[in-house]
Amino acid sequence: MIIERRAVEPFYKNGFVLGCEETRQGVIIDPGDEVQGLLAAARQHGLSIGNILLTHAHLDHVTGVGAAKKALAVPVWLHRDDNFLYERVVEQGQMFGLRVESQPPIDRFYDLSTGIEAGKEDPLRFGRYRVKVLHTPGHCPGGVCLAVSKDGDDRHTLFVGDTLFAGSIGRTDLPGGNLETLLRSIREVLFQFPDDTVVWSGHGEQTTIGQERRTNPFLT
Ligand SMILES: [Zn+2]
Ligand SMILES: [Zn+2]
């Protein structure tokens with residue numbers, strides 16, 4: 001899988017471009033202030049981006065949605081329970097003393113039902129890769145983790161937003177946050193994955209499920 005990560009000041013939030021190395025189809029995850037870097041990476045790889053996927057709606061993860069949507073003209077996806085945050089992105093900026101533009105409306109809310117019906121196309125698929133959406137509230141009500149796997153391979157790569165970090169966990173003091181809920185999401189959803197599962201967080205470096213299971217001070 002092609003994985004490109006970009007992060008810029010002030011939040012150093014990771015935005016991602018994922019692509020299928022065979023079909024050159026791809027997705028963008030959490031475009032923020034680094035959106036032009038993500039779009040350039042997609043162009044460099046010759047990727048055709050099919051969807052803009054949001055892990056949650058805190059401002060650092062969504063300030064590039066408008067630019068990405070304008071450049072790509074593809075649907076923007078979010079969990080319904082974070083739409084109240086998304087619609088208040090200007091006010092979120094004011095909380096941090098930042099001027100933030102309002103963003104275009106969400107096109108599609110994630111469907112977390114049992115899966116794709118037989119014969120129906122999976123809307124989040126890119127080439128030979130499938131994106132499974134896991135609801136992991138706690139950092140915010142509509143936080144999700146994206147588990148990406150290749151056809152014929154049962155290993156996953158996780159894009160966890162601000163749910164889990166290398167050596168830390170997401171903050172729970174913002175509107176809709178809850179520490180117990182967050183710990184339950186990590187233990188019951190993320191820790192179901194095997195130890196060698198690679199985890200890309202919304203901030204900082206990559207880690208693995210095993211590393212966090214063994215050494216994360218919030219979870220041991
Ligand atoms: Zn966040
Ligand atoms: Zn963040």
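## Exercises: a pocket and a zinc site

In this predicted model, the second largest pocket has a volume of about 320 Å³.

**Exercise 1.** Work out which residues lie closest to the centre of the second largest pocket, which helices contribute to its lining, and how the lining divides by class.

*Solution.* 
- Step 1. Start at the centre. The closest of the 18 lining residues are His58, Leu59, Gln92, Phe96 and Leu174.
- Step 2. Move to the helices. Helix H3 (83-86) and helix H4 (89-95) each give at least two residues to the lining. H4 provides the largest share, three residues.
- Step 3. Sort by class. The lining holds nine nonpolar, five charged and four polar residues.

**Exercise 2.** Identify the donors of the zinc ion (ligand 2) and classify the geometry of its site.

*Solution.* 
- Step 1. List the donors. Asp60 (OD), His61 (NE2), Asp162 (OD) and His203 (NE2) coordinate the ion at 2.1 to 2.2 Å.
- Step 2. Read their spacing along the chain: D-H-x100-D-x40-H.
- Step 3. Check the angles. They run from 88 to 154 degrees among the four donor atoms. Tetrahedral needs all angles between 85 and 135 degrees. The site is therefore irregular.

**Exercise 3.** Find which residue bridges the two zinc ions, ligand 2 and ligand 1, and state what the pair His61 and Asp162 ties together.

*Solution.* 
- Step 1. Asp162 is the bridge; the zinc ions lie 3.6 Å apart.
- Step 2. His61 sits in the loop between strand E4 (48-53) and helix H2 (65-72), and Asp162 in the loop between strand E9 (157-159) and strand E10 (164-165), so the pair ties together parts 101 residues apart in sequence.
- Step 3. His61 and Asp162 are both buried.

Methods. Residues are numbered from 1 along each chain as its sequence is written. Chains are lettered from A and ligands numbered from 1 in the order in which they are written. This is a predicted model: local features need pLDDT of at least 70, side-chain atom pairs count only at pLDDT 80 or more; totals for chains, interfaces and linings use all residues. Side-chain values use heavy atoms; hydrogens and water are left out. Donors are N, O and S atoms within 2.8 Å of the metal (3.2 Å for Na, K and Ca); water is not among the atoms, so sites may look incomplete. Four donors count as tetrahedral if all angles lie between 85 and 135 degrees; four count as square planar and six as octahedral if opposite donors are over 155 degrees apart and all others between 65 and 115; anything else is irregular. Helices (H or I, at least four residues) and strands (E, at least two) are DSSP runs, numbered from the N terminus. Buried means under 20% relative accessible area, exposed over 50%, partly exposed in between (1.4 Å probe, protein chains only). On a 1 Å grid over the protein atoms alone, a cavity is a set of points where a 1.4 Å probe fits but cannot get out, and a pocket is an open set with protein on both sides within 12 Å along at least five of seven lines; lining residues have an atom within 4 Å of a point. Grid points are joined across faces, edges and corners, and a volume is the space filled by probe spheres set on the points. Ala, Val, Leu, Ile, Met, Phe, Trp, Tyr, Cys and Pro count as nonpolar, Asp, Glu, Lys and Arg as charged, and the others, Gly among them, as polar.
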